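Thanks for coming. I will go through one model this morning, starting with the overall layout and then moving on to individual side chains.

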Amino acid sequence: MSKGEKQWIIPDAYIPPVSNGELTSHESVCVLNLCDQDVVITVHAYFEDRDPLLGMETIVPAQRTKHIRTSSLAAEDGEGIPSGVPYAMEVTSSAPVFVQYSRLDSTQAENALMSVMAYPVSTI
């Protein structure tokens with residue numbers, strides 16, 4: 001039996017628009033693939049006031065973890081997730097995985113780091 005889920009929701013996502021000091025503001029979707037096969041990860045981004053960005057894909061190799069910087073994702077037309085704009089994400093995978101979300105905000109000298117498990121959508 002595979003461990004994990006194939007659909008995950010991250011309702012509060014945001015790429016900080018600026019950085020201060022040595023650390024770069026960013027966010028990451030961290031995926032753990034315990035399967036013995038490579039897994040295709042697809043990210044859909046949903047916004048308050050614009051059309052969604054759909055079909056942003058990456059591969060997580062078998063029995064590996066991958067930290068995916070959301071600023072590096074791009075839809076088929078090349079459009080990426082803009083910084084400074086709140087959005088939500090749906091993460092789906094071709095096999096069960098585990099998903100964690102992290103954000104480093106270094107917009108001011110007092111850095112803030114947030115890390116939470118994404119919400120797994122049961123595939124019962």
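Of the 124 residues in the chain, 37% count as buried. Buried here means under 20% relative accessible area, exposed means over 50%, and partly exposed is in between, with a 1.4 Å probe and protein chains only. The areas themselves come from the Shrake-Rupley method with a 1.4 Å probe, and for residues only the protein chains shown count as cover.

Before the details, a word on where this comes from. This is a predicted model, where local features need pLDDT of at least 70 and side-chain atom pairs count only at pLDDT 80 or more, while totals for chains, interfaces and linings use all residues. Residues are numbered from 1 along each chain as its sequence is written, and side-chain values use heavy atoms, with hydrogens and water left out.

Now the elements. The chain has eight strands and zero helices, so defined because helices (H or I, at least four residues) and strands (E, at least two) are DSSP runs, numbered from the N terminus. Read from the N terminus, the order is β-β-β-β-β-β-β-β.

Next, the aromatic side chains. How many aromatic pairs does the structure hold? There are two. For the term, rings of Phe, Tyr and Trp (its six-membered ring) pair if their centres lie within 6.5 Å; planes under 30 degrees apart count as stacked, over 60 as edge-to-face, and the rest as tilted. W8 counts as buried, at 3% relative accessibility, while F98 counts as partly exposed at 30%. The other pair is F47 with Y87, also tilted, at 5.7 Å centre to centre and 35 degrees between the planes. Here too distant parts of the chain are linked, with F47 in strand β3 (residues 39-47) and Y87 in strand β6, 40 residues apart. Both F47 and Y87 are buried.

Together with L32, L34 and M117, F98 makes a nonpolar surface patch of about 340 Å². Patches are made of residues with over 30% relative accessible area and no salt bridge; like charges are joined within 9 Å, and nonpolar side chains (Val, Leu, Ile, Met, Phe, Trp, Tyr) within 5 Å. As for its place, F98 lies in strand β6, which covers residues 87-105.

E57, E76, D77 and E79 gather on the surface in a patch of negative charge. Lys and Arg count as positive and Asp and Glu as negative, with His and the chain ends not counted; the place of a charge is taken as NZ of Lys, CZ of Arg, CG of Asp or CD of Glu. Of these residues, E57 is in strand β4 (residues 53-60) and is exposed, with a relative accessible area of 54%.

On to charge pairing. Side chains of opposite charge can pair when their charged atoms come close. A salt bridge is a side-chain nitrogen of Lys or Arg within 4 Å of a carboxyl oxygen of Asp or Glu, and by this rule the count comes to one. R50 and D49 form it, at 3.8 Å from N to O. R50 is partly exposed at 39% relative accessibility, and D49 is exposed at 63%.

Last, one backbone detail. Q63 is a residue other than glycine with a positive phi, near 50 degrees. Q63 lies in the loop between β4 and β5 (64-69) and is exposed, with a relative accessible area of 53%.
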